[in-house]
Amino acid sequence: SVLKKLSLTDFHLQDFPPKDSPYHNYDEATAALRLIQASAPDIVSMFSIGKSVQGRELWAVRFNTDAKNLDPSQKPGIVFMGAHHAREHLSTEVPLLLAQWLVENRHREDVLKLLNSRDITIIPMVNPDGVEYDIATGKYRWQRKNMRPNPNGTYGVDLNRNYGYQWGTGGSSKNQNSDVYMGPSPFSEPESQAVRNFCETHKNLTILLSYHTFSELILYPWGHTYSSIPNTEDLAAFTAMAKKMAGMTGYKPEQSSDLYIASGDTTDWAYGALGIFAFTFELTPSSILKGGFYPGTDVIQSTFQKNIPPALYLIDLADNPRRAISTAF
Ligand code: 0X9
Ligand code: ZN
């Protein structure tokens with residue numbers, strides 16, 4: 001038999017660089033969600049909305065005092081998601097910390113009221129394969145896409161270009177090598193399919209927030225066109241909500257396409273296909289000079305803290321997002 005001599009480079013850390021070890025890899029995020037569920041089993045259930053390309057479960061925790069797992073609910077629903085993009089690790093931490101915070105503060109009067117009256121789902125890592133690939137060598141690989149093996153031998157579809165509303169109409173690529181590769185067809189990826197299925201089967205959902213990094217922005221549809229959404233009441237609600245949350249965070253509110261045109265993102269689909277008030281938050285930092293996708297661990301707590309008020313605001317508004325119009329000022 002051939003004995004292979006192990007060299008130092010064969011020892012992959014399979015984890016974040018040591019200085020960033022407080023960030024959660026897939027197993028750590030899964031374990032954290034289990035703890036959250038186990039610490040409040042009366043109000044929290046944990047379940048998978050589907051599997052990734054490489055077969056990882058896409059875990060969700062749900063805060064609902066009566067409906068569990070994938071059961072339907074009559075209560076107004078909101079869903080928070082993180083890590084559509086692998087290297088945007090802070091976008092996992094914020095929803096994960098939000099889940100933890102809701103449990104820890106469940107007896108606070110305002111929180112108790114929200115927990116009793118709302119259906120809150122948190123899916124912190126939509127792209128676990130990409131996340132694990134990004135950190136697998138102990139040095140960041142700047143992975144963005146999922147880990148779909150493409151026909152040309154490359155890996156990855158941009159999940160935030162793969163949703164099926166105005167898919168492939170601009171700001172995405174047909175080139176499999178591209179970091180904004182749209183995939184061979186709308187919803188070709190199991191990760192975007194899982195989000196679609198979850199949203200389509202939960203008719204009570206009125207609000208969706210997809211966390212990304214970075215640039216400190218609050219984005220609302222459309223992203224595939226410079227045109228405004230046609231429904232003027234919805235537009236007034238979106239802008240009122242975005243402005244209010246901008247005041248809470250210091251982030252800049254704008255239409256997604258003001259950043260740049262991109263088609264097939266989560267929020268255009270959620271609003272365009274299902275009428276859900278859907279936002280993209282681009283979290284900390286404000287620029288590449290301040291750390292870009294890899295801002296270190298110092299920003300985790302501060303970013304989370306400033307994102308509590310908008311999260312509670314959206315949870316509250318889920319009964320009628322158009323309420324935002326009259327209460328904005
Ligand atoms: O390009 C994206 O998918 C998002 N930015 S990121 O740096 N996190 O990759 C922004 C999506 C906003 N949507 C549109 N501009 N359509
Ligand atoms: Zn992103």
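The questions below go through these topics in turn.

Guide: This is a predicted model, in which local features need pLDDT of at least 70, side-chain atom pairs count only at pLDDT 80 or more, and totals for chains, interfaces and linings use all residues. Residues are numbered from 1 along each chain as its sequence is written, chains are lettered from A and ligands numbered from 1 in the order in which they are written, and side-chain values use heavy atoms, with hydrogens and water left out.

Visitor: Which residue has a polar side-chain atom 2.5 Å from an oxygen atom of ligand 1?

Guide: The closest of the 14 residues around ligand 1 (a heavy atom within 4 Å) are R144, R161, Y260, D265 and E282. E88 places a polar side-chain atom 2.9 Å from a nitrogen atom of the ligand. The oxygen contact at 2.5 Å (polar contacts are N or O pairs within 3.5 Å) belongs to R144.

Visitor: Why do the buried residues of α3 line one face of the helix?

Guide: Helix α3 (a DSSP run of H or I, at least four residues) spans residues 109-117, and its buried residues (under 20% relative accessible area, 1.4 Å probe, protein chains only) are V111, L114 and L115. They line one face because, seen down the axis (directions from the axis to the C-beta atoms), they fall within an arc of 100 degrees.

Key
Buried means under 20% relative accessible area, exposed over 50%, partly exposed in between (1.4 Å probe, protein chains only). Helices (H or I, at least four residues) and strands (E, at least two) are DSSP runs, numbered from the N terminus. A polar contact is a pair of N or O atoms within 3.5 Å; within protein, one must be able to donate a hydrogen and the other to accept it, and residues adjacent in sequence count only if both atoms are side-chain atoms.
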